[in-house]
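I opened this entry to keep track of what I looked up, one item after another.

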Amino acid sequence: MAKKLTRRELMQHSVAAGGLFAAGSLMPVSPALANQASQDGAEITQTDRSPAVLDHDKVVQPRRELPVLKKTGVLVVGGGPAGTAAAFSAKRMGVDVTLVERYGYLGGLATGGLVLGIFPLYDRNNKQVIFGFTEEMMKKLDVMKYGIIDRHKAPVYPTFDAEAMKYILADMTLSSGITAFLDCWGVDAIVDGRGAVRGAVFESKSGRQAILADIVIDCSGDGDIYAAAGAAFEKVKHNIGLISRIGNIEEVDMAPGRGSEGLPREHTFVGKIGTGRPSMGRVSDFNGHAGNSTPAPHVNWLNMAGPVGDALDVENLTELELRHRLGTWNNVEKLQKKPGNEKVYLTETAPQLGVRLSRLLDGAKKLTYAEIQSGAKFKDVIGYSGAYALAPEFQIPYGCLVPSKLENLLAAGRCISAEFKVADITRLIPVCWATGQAAGLAAALCIQDNVKPRNVSVAKLQKLLHEQGAYLG
Ligand SMILES: Cc1cc2nc3c(=O)[nH]c(=O)nc-3n(C[C@H](O)[C@H](O)[C@H](O)COP(=O)(O)OP(=O)(O)OC[C@H]3O[C@@H](n4cnc5c(N)ncnc54)[C@H](O)[C@@H]3O)c2cc1C
């Protein structure tokens, strides 16, 4: 909605409006200078943006029409593990897919959050139980130098390199035929007169634009789009950390046995690389911890629990962003004081904060901890998780991805419908890949069979998942 004016038109307009000022200054521009500027033929753009208006002490956003950036079959919001799995899986079904991500790279917490350990891959017998898109990603990492370590070494979990993952996802995006918009933040849902989701609104350097879609998959991790559309959800708080990488290091923190990455562990000890690898990421909160090794030589990643925080509160997020960076630097200083560690340095703090959980969908089905502990089987199973902490391996039903009421939307990844203790497992990377893959295929089926997400043929969905190598228990 930008109006193009010639420099002369703009000058005339501005002078008529009562004054002309040099850009960025309060100095009036002389008519002579204005004329000189108008002769260079350049076009000046004046944006018609209908800004918010201050009406006494209230800020009011005027009603306005939004340009439609794209009409698509499946719109995936959020390009983390769940979103990328959803987008590529849907595209393989031949439907039109658009993926939108707020940052400038794909991978979500698995790249920008520097979360590098691929947790609950194995059941209690150390048998790998998550395949499909997860296995596909690990195979792509296998062939990259310094892409992934500790494959096929259960109970040790594989650890990958964030840049290798970014490379793979960029390559897949460019070659898959999906449309991607990066640096583009989903800020609202579009619903029709009956309350069904019809797309989403985005804010980017191009301004505020709409993308219309048949099916929207909310993979924002925080359920931003389903919340905006009016779906019911549970707001939860969890530890918020900030992961970092440190270089020139030989030492690793060892954490044998199954545990929870998010909670401090009692039985940890420090070992040397080569004496065995930790089976779980070590939570290291500023006590001179060394973290765990990565595919890059002499580089460790330091997981961090952090305090329980509100991931939907910008002030809380800002404070943690700032404090965690100070703490991380101090942690490395402590490490440097240990003999042999003098040359250890902080390679980077993760560009994005480590938010574990914020919104959990109120879905057609809420998976409970009692169900996973009792080994419940579901007719509509669409995914599987390995054993984690005190929980055994378990099936994930399709109903966890479908809102209890809202139509035309699916959720995948860490914001699906599950009790907090279950979500603390379904939020982990390979499980997000699994729910993302299922959501992508389900969305494509919605379009092909002209049905709503809650009416998708589960038999067809399971068949597709099996064909794509998924294990459903
Ligand atoms: C500190 C920490 C340590 C962890 N350790 C491990 C571990 O060792 N192993 C493991 O398997 N898992 C671990 N996890 C969990 C795991 O990393 C995440 O839960 C998982 O990446 C979630 O995937 P997702 O796709 O659902 O969400 P995310 O990875 O959060 O991806 C969501 C994507 O959506 C984008 N987005 C968000 N909002 C919007 C919006 N409004 N518009 C557009 N884009 C948006 C984000 O930028 C992001 O790219 C850890 C998590 C944390 C925080």
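**Chain overview**

I started with contacts in the chain between residues at least 6 apart in sequence, and 69% of them join residues at least 24 apart. Two residues are in contact if their C-beta atoms, placed from the backbone, lie within 7 Å. The model is predicted, so local features need pLDDT of at least 70 and side-chain atom pairs count only at pLDDT 80 or more, while totals for chains, interfaces and linings use all residues. Residues are numbered from 1 along each chain as its sequence is written.

I then looked up the secondary structure, which comes to 11 helices and 26 strands. Helices (H or I, at least four residues) and strands (E, at least two) are DSSP runs, numbered from the N terminus. Of the 473 residues in the chain, 47% are buried. A residue is buried if 20 or more other C-beta atoms lie within 10 Å of its own, exposed if 12 or fewer, and partly exposed in between, with C-beta atoms placed from the backbone.

**Around the ligand**

Which residues come nearest to the ligand? I found Gly78, Gly80, Gly108, Gly354 and Gly413, out of 41 residues around the ligand. A residue counts as near if its C-beta atom, placed from the backbone, lies within 6 Å of the molecule. Elements giving two or more residues to this shell are helix H3 (81–91), strand E10 (184–191), strand E22 (354–355) and helix H10 (429–449). The largest share, 3 residues, comes from H3. Domain 2 (68–141 + 150–236 + 358–467) and domain 3 (239–355) each supply at least three residues to the shell. The domain bounds come from an automatic or database domain assignment.

**Helix H3**

I checked H3 next: 11 of its 11 residues are buried, so H3 is largely enclosed by the rest of the structure. The cover over its buried residues includes strand E5 (68–77), helix H5 (162–176) and H10.

**The core and H10**

The largest nonpolar core has 128 residues, and Val74, Ile217 and Leu410 have the most contacts inside it. Such a core is a set of buried Ala, Val, Leu, Ile, Met, Phe, Trp, Tyr and Cys residues joined through C-beta atoms within 7 Å. H10 gives the most to this core, with 13 residues. Domain 2 and domain 3 both give residues to the core, so it lies between them. Leaving out residues up to four places away in sequence, I noted that Leu410 touches Ile217, Ala439 and Pro453, among others.

How many of the residues of H10 are buried? I counted 18 of 21. Its 21 residues should span 30 Å at 1.5 Å a residue, and the end C-alpha atoms are 30 Å apart, which agrees. The expected span is 1.5 Å times one less than the number of residues. Just after H10, Asn450 takes a positive phi of about 55°.

**Backbone exceptions**

Most residues other than glycine have a negative phi, and most peptide bonds are trans. I listed Leu114, which is not a glycine but has a positive phi of about 55°. Leu114 is buried, with 24 other C-beta atoms within 10 Å. Asn248 also has a positive phi, of about 65°. Asn248 is partly exposed, with 15 other C-beta atoms within 10 Å. The peptide bond from Ala154 to Pro155 is cis, with omega near 10°. Pro155 is in the loop between strand E7 (148–149) and strand E8 (159–160).
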